[in-house]
Amino acid sequence: MLAFVQGQPVDSGSDHVVIAVGGLGYKVFVPASGIERILTQSTVTLHTHMVVKEDRIFLFGTETAAELAVFRHLISVSGVGPKMALAVLSTWPVKRLGAIFAEEDLHALTTIPGVGRKTAQRMLLELKDKIQVEPGQDVPKSSGMAADAEAALLALGYKTAQVRPLVQELARTETAVEDIIRIALSRLVKGGN
């Protein structure tokens, strides 16, 4: 089993990067939110988890050991596969996930693409004691506020890919849904995102 892959990122897709190591290119599926960051590095280390199917081998990777631990917890839940686990990590940073599970924030989990209410309930039931915020970690403000702002912007016709990263960024500093929506709209109208 491969514990990690360290090498030069040379290519990517919507859900993976290719890492060149000793003349070989490893296709590693990663959270979509980290692909751009990975590609900007000359050398990257990805903590990996290998999945062997009958006719294929898949390599899933994260930038930190903490993300990999959360990934492994997620795939232990019935109905949550590796791709869904990556979607969770693409939507919410590990610190925020700790708060989501501590608060049992069902709504935040259902904002993740592909995660329905029953799957979110199962995740909360099985993982609320496993995925936690470490003492002293900085926890962003309530995800419910971000989800409400995102829903409002989506209702106005904006795309999830435009809205979600912007709303998550603003939710770290703003204290009201109205402020998040106002600032996000001004940035979207100006083409800032």
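Author: Axes here are lines fitted to C-alpha atoms, for helices over the stretch in contact, and angles run from 0 to 180 degrees between N-to-C directions. The model is predicted, so local features need pLDDT of at least 70 and side-chain atom pairs count only at pLDDT 80 or more, while totals for chains, interfaces and linings use all residues. Residues are numbered from 1 along each chain as its sequence is written, and side-chain values use heavy atoms, with hydrogens and water left out.

Reader: At what angle do helix H8 and helix H9 pack, and how far apart are their axes?

Author: Two packed helices are described by the angle between their axes and the distance between the axes. Helix H8 (residues 160-171) packs against helix H9 (residues 177-190) at an angle of about 130 degrees, and their axes are 10 Å apart; helices are DSSP runs of H or I with at least four residues, and strands runs of E with at least two, numbered from the N terminus. That makes H8 oblique to H9, since angles under 35 degrees count as roughly parallel, over 145 as roughly antiparallel, 65 to 115 as roughly perpendicular and the rest as oblique.

Reader: Which rings are linked into a cluster by ring pairs?

Author: Rings of Phe, Tyr and Trp (its six-membered ring) pair if their centres lie within 6.5 Å, and planes under 30 degrees apart count as stacked, over 60 as edge-to-face and the rest as tilted. The cluster links Phe 29, Phe 58, Phe 60 and Phe 71, and the count comes to 4 aromatic pairs. Phe 29 and Phe 60 have ring centres 5.5 Å apart and planes at 35 degrees, so the pair is tilted. Phe 29 lies in strand S3 (residues 24-29) and Phe 60 in strand S5 (residues 57-62), 31 residues apart.
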